[in-house]
Every structure is written in structure tokens, then in C-alpha cells.
Amino acid sequence: MLKEREQWKSRLGFILAATGSAVGLGNVWRFPFVAGEQGGAAFLVIYLIAVAFIGYPLMVTEISIGRKTQRNPIGAFKALAPNTPWWIVGGVSVLAGFIILSYYSVIAGWSLAFIIESIAGFPEGIEATDQLFGGHKTGIAKPIFYHALFMVIVIGVISAGVVKGIQRVVQWLMPILVVLLLMVVVRSVTLPGASEGIAFLFRPDFSAVSWDTILSAVGQSFFTLSLGMGAIITYGSYLSAKENIPSSSVQVIGADTLIAIISGLAIFPAVFALGFAPDEGAGLVFVTLPAVFAEMPFGGGVGFLFFVLLSIAALTSAISLLEVVVSYFVDEKDWPRKKAAASIGIAAFFVGLLPVLGYSALDHIKFLGMDILDTYDFFADSIMLPLGGALTAAFAGHVWSTKSLMEEANKESKSFRIGSWVGPFLKYIIPIGIIIVMIAGIIEVL
Ligand code: PHE
């Protein structure tokens with residue numbers, strides 16, 4: 001039975017929603033710290049190559065699959081390849097969305113908590129901020145409270161629907177996000193000594209590059225573009241047949257990449273100017289930056305703006321994660337949207353309690369030396385998303401066929417079209433490349 005499906009009210013609505021999904025913790029929290037650990041500009045170069053040659057074809061593919069089928073990821077694969085096991089790829093996507101949402105909300109909760117901390121004022125010195133963050137993370141009541149609060153907001157947005165919920169929220173929040181980010185950049189790059197941080201971001205040092213760097217860059221390109229797990233298929237399923245898919249893809253990818261680089265510009269100049277190290281890892285944003293804010297002129301206000309913008313970025317991504325799973329239950333199981341949003345959001349909250357407790361009651365549980373949150377992140381980012389991406393590419397190239405893909409993608413595109421070069425990319429280069437990089441990267445991690 002086909003129900004009336006909601007559609008974005010404008011092309012801009014889709015672009016903002018997809019950019020909102022793409023721009024998230026991955027840009028503001030993850031990109032800078034991974035780049036900081038993996039040699040700055042050298043990582044940036046590899047990441048840009050991955051975005052162009054893997055990200056772009058896959059973005060076009062996912063939007064096209066969604067728009068063609070008007071279905072959630074599982075339903076989409078079923079519709080294009082009935083009576084085959086390909087729906088499992090959609091199944092892995094929906095599962096990945098659920099798992100990412102569960103720990104994404106934990107990190108977003110830290111960000112909400114730090115909005116409050118920034119009002120109280122950050123303490124001076126990295127030991128003090130390390131203690132502040134450590135104290136927060138290893139607590140129980142507070143991190144659980146903020147994780148719950150964030151999840152409730154996400155559920156609220158998704159319950160309201162595609163247009164009244166998602167589109168309305170992103171239309172307000174995305175412009176605010178950009179303005180706040182630019183304000184932080186201006187403060188950061190005008191600090192005395194900021195140029196060293198700018199050089200770090202733009203002057204490549206290829207001696208730091210290893211297989212792990214390449215795996216990180218490929219994984220990051222999936223994560224940051226929300227690819228390989230059905231979010232873009234789902235958002236594409238609400239897209240009208242009138243819109244140009246190749247040019248929309250370029251706009252979303254361009255905006256996401258720009259915001260990652262601008263986030264680097266907001267962070268590294270300030271970090272270097274105040275004499276801190278760029279390779280703090282996951283703590284870069286929560287330990288190093290608060291120490292930076294404590295010492296810099298107007299740091300209190302800047303810190304507040306920064307954590308507000310980080311929370312907004314996380315929210316507009318988390319709603320796309322929940323929407324993937326919700327769309328499956330709404331389409332295939334006929335659940336009312338509100339019931340689906342609430343029950344899946346609450347389930348993700350509970351699954352997210354493990355990574356919260358991984359810093360306290362469960363801190364003895366380690367996987368390859370990683371705590372529970374890092375383990376979730378490793379599985380999602382380095383395994384599930386690349387695998388989902390490789391399989392989606394192979395599916396589009398071999399099963400759905402490049403011809404049908406190009407037909408759907410180029411339907412409304414007279415000048416800006418995706419060319420037949422995408423065929424060999426989807427069929428061979430992307431899947432094989434991803435598998436090689438994954439195996440090499442995982443062997444190195446082990
Ligand atoms: N793209 C988001 C980010 O960069 C994360 C995300 C991944 C969102 C996958 C949806 C799907 O933070």
C-alpha cells in the first residue's frame with residue numbers, strides 16, 4: 001500500500017537538509033582532531049581526493065536510489081532488486097544509522113554540557129580542562145542527562161515530520177551555524193601567532209602518511225558526507241523529480257568540505273597561537289579548546305558560541321540518523337511516525353548508555369585498547385560505512401546498472417550531468433579500492 005509521501009518544499013530545503021546531515025561532529029570535532037593526529041595538510045589532501053572520487057559518485061548514487069524508489073534504504077534495495085539478498089545492504093545501513101545515533105548523542109551531550117560550562121567560565125591550563133572534561137565524561141548522572149536531553153530534541157524534530165520537522169529546523173539552524181563558525185574563525189586567525197596553525201592545516205607533510213592515514217581519510221570522507229549508511233538515500237527519497245541531482249550533490253559536498261576546512265581554521269590557529277599541541281586526539285575540542293578559550297581575549301563568549309554551534313551541527317546530523325531508521329518502520333511496518341521516532345530514539349538512548357558507562361562503571365571493557373565509544377566509532381566509521389559504500393557502489397554499477405543510474409541522476413540535468421566514467425568507478429575502482437584500504441588499514445591497527 002502506498003501512502004502519500006512527504007516531499008521537501010523546495011530545492012533549498014533538500015540542500016540544507018542534506019548539508020545539515022553532512023555537517024556535524026564529523027566536521028567540527030572529528031576532522032580537526034584526525035587531521036591533527038595524521039599530519040594536518042597531508043591528511044587534508046588525501047581526504048579531498050577521497051571526497052572527489054568516492055564521495056561524489058556515491059552521493060549521486062545514493063540520492064538517485066532514494067528518489068527513484070521513494071523508499072527507505074531497505075525498501076529501496078528491495079524495489080530495485082526484488083527477490084535478491086541485496087536488501088541486506090539496506091539492512092546494514094539502517095543498523096549503522098542506529099548505532100551511530102547511539103554514541104553520536106553521547107558526544108553531542110558533552111557539547112550541550114559544555115555550553116553550560118562555558119557560561120560558568122573554563123578553568124586555565126590544560127591540566128584543569130583535562131580534569132573538567134574527564135570529570136564530566138566519567139560522571140554518571142550528568143552525561144546520561146545530557147545524552148537523554150539531546151535524544152529528546154532529536155525525537156521531537158523527527159516526530160514533527162519531514163517538512164514541519166526536519167526542513168523547518170535546518171532552515172533556521174544552518175545559517176546560524178555558519179555565522180557562529182565565522183565569528184569563531186575571525187577571533188582565532190587574528191590572534192598573534194595564528195599563522196603557524198594556518199600553515200599546519202595547509203602545508204602538507206607526507207612523511208606522516210601511512211595506510212592508517214589513508215583509511216582514516218577514506219572513513220572520514222564517508223562519515224562526513226553521511227554516505228554508506230542510507231541517510232542520503234532516505235533524504236533523496238523525499239526529493240522531487242524536478243531537481244538536478246549532480247549539481248545538488250556538488251553543492252552539498254562543497255558546503256561540507258568548506259565547513260570542515262573552516263572548522264580547522266577556527267581551531268588550529270588558536271591552538272598554535274596559545275602554544276598547545278594539535279594532536280590531542282578526541283580531546284582536541286573538549287580539552288585543548290576550552291584551555292585556549294580560558295586564555296584568549298573574549299574567550300568566554302567565543303567558547304559559548306563554539307559549543308552552541310557544535311551542538312547545532314550535531315543536531316542536524318542526528319536527525320538524519322534517526323530518520324533513516326524511522327523511515328524504515330514507517331514505510332515497511334506501517335508504524336505511525338511519532339511512535340517510530342519515540343521508540344527508536346529511546347532504544348538508541350539505551351544502546352548509548354554503554355559508551356557513557358565505558359568511562360566509569362564499564363571502564364575495564366576495552367577492545368584493542370579502545371574504550372566502548374571509540375569501539376563503536378571504529379566499527380561504524382572504519383568498517384560499516386566503507387563496507388556499506390562499497391556494496392552500494394557495486395550494486396549500482398552491476399545490478400541496478402550504470403545506465404539506469406545515469407538516467408535517474410541526469411533526468412533534469414541538461415548541462416550538469418554525471419558522465420559514463422561513473423560506471424567503472426562504481427563497478428570496480430570504488431569497491432576494490434575501499435576493500436584494499438580497509439584490509440591494509442585494519443591490519444595496521446591490529
Ligand atoms: N555526517 C555527519 C557528521 O559529519 C555524521 C553522519 C554520518 C550523519 C552518517 C548521518 C549519517 O558528523
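This is a predicted model: local features need pLDDT of at least 70, side-chain atom pairs count only at pLDDT 80 or more; totals for chains, interfaces and linings use all residues.
Local features were taken at pLDDT of at least 70 and side-chain atom pairs at pLDDT 80 or more, whereas totals for chains, interfaces and linings use all residues. Residues are numbered from 1 along each chain as its sequence is written, and side-chain values use heavy atoms, with hydrogens and water left out.

The count of salt bridges (a side-chain nitrogen of Lys or Arg within 4 Å of a carboxyl oxygen of Asp or Glu) comes to 9. One of them joins E408 and R67, with N to O at 2.8 Å. E408 lies in helix α17 and R67 in helix α3 (residues 41–69), so this pair connects parts 341 residues apart in sequence. Helices are DSSP runs of H or I with at least four residues, numbered from the N terminus. Both E408 and R67 are buried, a term for under 20% relative accessible area, with exposed meaning over 50% and partly exposed in between (1.4 Å probe, protein chains only). For E408 the relative accessible area is 4%. The C-alpha atoms of E408 and I63 are 9.5 Å apart in space, although the two residues are 345 apart in sequence.

A salt bridge also forms between R71 and E332, whose closest N and O atoms are 4.0 Å apart. R71 is buried at 19% relative accessible area, while E332 is partly exposed at 28%. In the pair of R337 and E323, the N to O distance is 2.9 Å. Because R337 belongs to helix α15 (residues 337–351) and E323 to helix α14, this contact ties together parts 14 residues apart in sequence; R337 and E323 are both buried. R30, D377 and D381 are linked in a salt-bridge network.

The structure holds 36 aromatic pairs, defined as rings of Phe, Tyr and Trp (its six-membered ring) with centres within 6.5 Å; planes under 30 degrees apart are stacked, over 60 edge-to-face and the rest tilted. F293 and F306 form a tilted pair, 5.9 Å centre to centre with 50° between the planes. F293 is in helix α13 (residues 284–295) and F306 in helix α14 (residues 299–333), 13 residues apart. Relative accessibility is 4% for F293 and 1% for F306, so both count as buried. The F306 and F307 rings are edge-to-face because their planes stand at 90°, with centres 5.2 Å apart. F307 is buried at 0%.

Note on methods: Helices (H or I, at least four residues) and strands (E, at least two) are DSSP runs, numbered from the N terminus.
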